[in-house]
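Student: I would like to learn how to read a few features of a protein model. Could we go through them one at a time?

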Amino acid sequence: MSGVFQTFEEARVHEALEEADHDAYEGFEAALSDYVAALEDGSEVDAAAEAYATATARAQFAVVGEVGKAPAAGSADESGSADTSLTGGLNVVEGVPEDADHAVKMSAVAFEPAELTVSVGDTVAFEHAAGEAHSVTAYGDDLPEGAAYWASGGFESQEAAETGWGEGKGAVQSGQSYVHTFETAGEHAYFCVPHEAAGMTGTVVVEE
Ligand SMILES: [Cu+2]
């Protein structure tokens with residue numbers, strides 16, 4: 001699979017996507033043109049936007065699925081070349097899903113609101129609102145007992161998320177949002193990898 005990984009590293013995302021999953025790619029292209037058409041004539045914009053978001057998520061998953069078969073982060077990097085392009089991951093989508101229960105906006109160096117209280121099972125969309133690309137990265141040591149680790153990019157630990165960011169992964173860019181459903185009660189503290197030093201941190205308090 002290193003060939004596929006190489007392709008993803010070097011080619012534009014659309015090309016990698018076409019390689020990874022033709023169906024998802026075609027669905028993405030079709031949904032995008034439907035969305036543009038709906039925006040132009042003003043009809044059924046919401047439905048088209050939703051279809052576009054779904055197709056985008058599916059397409060991104062197709063790419064991540066292929067890339068996921070490549071050597072894990074931290075193992076020897078055969079390509080040896082630094083990747084300057086940013087990628088999100090299967091939990092980073094275009095737009096903000098309409099079925100999200102809450103939204104947190106990411107401005108230049110802040111999460112707004114910085115503290116959010118939700119109920120178990122609620123879905124939160126962390127929406128890029130301004131500034132450079134952001135990450136949404138849980139503090140691994142501060143998670144409530146039994147909570148699964150969460151971060152944009154779908155990493156399994158804070159360390160993996162930080163390493164991944166250095167490789168351009170887990171980014172939430174303009175027009176995108178990171179979506180997470182909180183299943184474990186307690187305080188979930190998190191930060192933005194590139195802007196933590198500037199104070200870009202937050203907490204989601206999950207209540208039973
Ligand atoms: Cu940030």
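This is a predicted model: local features need pLDDT of at least 70, side-chain atom pairs count only at pLDDT 80 or more; totals for chains, interfaces and linings use all residues.

Student: What is the order of the five strands in their open sheet?

Tutor: Strands of a sheet pair through backbone hydrogen bonds, either parallel or antiparallel. Helices (H or I, at least four residues) and strands (E, at least two) are DSSP runs, numbered from the N terminus. Two strands pair if DSSP finds at least two bridges between them. Here the five strands run in the order 1-7-5-2-3, with mixed pairing. Strand 1 (92-94) and strand 3 (111-112) are at the edges; each has a single partner strand, so one side of each has no neighbour in the sheet. Two bridges join strand 2 (residues 102-106) to strand 3 in the antiparallel sense, and Met106 has Phe111 of strand 3 as its bridge partner.

Student: Which strands stand at the edges of the sheet of four?

Tutor: That open sheet has the order 4-9-8-6, again with mixed pairing. Its edges are strand 4 (115-119) and strand 6, each with a single partner strand, so one side of each lacks a neighbour in the sheet. Strand 8 and strand 9 (residues 201-207) are antiparallel and share six bridges; in one of these, Ala189 has Thr203 of strand 9 as its partner.

Student: Which residues of helix 5 are buried?

Tutor: An α-helix has 3.6 residues a turn, so residues three or four places apart point the same way. Buried means under 20% relative accessible area, exposed over 50%, and partly exposed in between (1.4 Å probe, protein chains only). In helix 5 (residues 158-166), the buried residues are Gln158, Ala161, Gly164 and Trp165. They cover an arc of only 125 degrees around the axis, which puts them on the same side of helix 5; the arc is that of the directions from the helix axis to the C-beta atoms. Glu159 and Gly166, on the other side, are exposed. The buried residues of helix 5 pack against strand 6 and strand 8 (186-191), where contact means heavy atoms within 4.5 Å.

Student: Is Ser135 buried or exposed?

Tutor: Ser135 is buried, at a relative accessible area of 2%. Its place is the loop between strand 5 (123-128) and strand 6 (137-138). A polar contact is a pair of N or O atoms within 3.5 Å; within protein, one must be able to donate a hydrogen and the other to accept it, and residues adjacent in sequence count only if both atoms are side-chain atoms. The side chains of Ser135 and Thr137 make such a contact at 2.8 Å. A polar side-chain atom of Ser135 is also 2.8 Å from the backbone nitrogen of Val193. Not counting residues up to four places away in sequence, Ser135 touches several residues, including Met106, Phe111 and Trp165.

Definitions and conventions
Residues are numbered from 1 along each chain as its sequence is written. Side-chain values use heavy atoms; hydrogens and water are left out.
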